[in-house]
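These are my notebook entries on one structure.

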Amino acid sequence: MVILTSIVCIQMLSVQPDTKPKGCAGCNRKIKDRYLLKALDKYWHEDCLKCACCDCRLGEVGSTLYTKANLILCRRDYLRLFGVTGNCAACSKLIPAFEMVMRAKENVYHLDCFACQLCNQRFCVGDKFFLKNNMILCQTDYEEGLMKEGYAPQVR
């Protein structure tokens with residue numbers, strides 16, 4: 001048996017005064033509020049579209065929701081319940097499914113572990129890094145390694 005996962009967009013719509021009130025998929029009452037949410041091809045009060053685990057209001061925490069096994073979930077709870085965990089390529093410790101990570105090819109890293117593995121320089125957005133022999137290197141250490149091997153990097 002395969003349980004499918006859906007990622008669904010949440011739309012916030014303003015209710016037009018001249019339209020017939022829509023029924024809420026959560027509580028089955030008419031939506032008379034100024035705004036309503038549309039998700040899963042249904043209409044919802046803002047208070048009724050909630051995560052099945054943490055009860056957070058999904059319209060407030062983002063523009064998507066996750067469904068699996070007849071549950072409506074926020075991103076965090078979806079990853080906690082159904083996400084895949086793995087090990088960090090630098091420290092080998094477990095990375096929880098809900099934690100933010102950095103990727104380099106097939107390697108996955110904790111954010112704190114994503115640094116040059118020779119000099120420990122942390123990388124910022126936009127910094128160049130190199131993956132050599134499954135090690136993350138800064139540009140300086142990568143070029144020094146090339147020099148030791150007898151290869152001069154090309155300057156552009």
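A disulfide is a pair of cysteine sulfur atoms within 2.5 Å. I applied this cut-off to a predicted model.

Entry 1, cysteines. I looked up how many disulfides the structure holds. The count is 0. I then checked C113, whose closest cysteine sulfur belongs to C91 at 3.8 Å; this is too far for a bond, because a disulfide needs the sulfur atoms within 2.5 Å. I checked C48 in turn and found its closest cysteine sulfur in C24, at 3.7 Å, again too far for a bond. I also noted the accessibility of C113, which is partly exposed at 21%, and that of C48, which is partly exposed at 24%.

I looked for positive phi values in residues other than glycine. D41 has a phi near 60°. I located D41 in the loop between β3 (35–39) and β4 (42–44), and its relative accessible area of 73% makes it exposed. N120 has a positive phi as well, of about 65°. I placed N120 in the loop between β10 (107–110) and β11 (129–132), where it is exposed at 59% relative accessibility.

Which residues form a nonpolar patch on the surface? I found M100, M102 and L111, which together have about 270 Å² of accessible area. I followed up M100, which sits in the loop between β8 (94–95) and β9 (101–104). M100 counts as exposed because its relative accessibility is 54%, and the cut-off for exposed is over 50%.

Definitions and conventions:
Residues numbered from 1 in each chain as written. Predicted model: local features only at pLDDT ≥ 70, side-chain atom pairs only at ≥ 80, totals over all residues. Heavy atoms only, no water. Patch = residues over 30% accessible without salt bridge, like charges linked within 9 Å, V, L, I, M, F, W, Y side chains within 5 Å. Areas by Shrake-Rupley, 256 points an atom, 1.4 Å probe, with all protein chains shown as cover. Salt bridge = Lys/Arg side-chain N within 4 Å of Asp/Glu carboxyl O. Helix = DSSP H or I, 4+ residues; strand = E, 2+ residues; numbered from the N terminus. Buried < 20%, exposed > 50% of the residue type's maximum accessible area, 1.4 Å probe, protein only.
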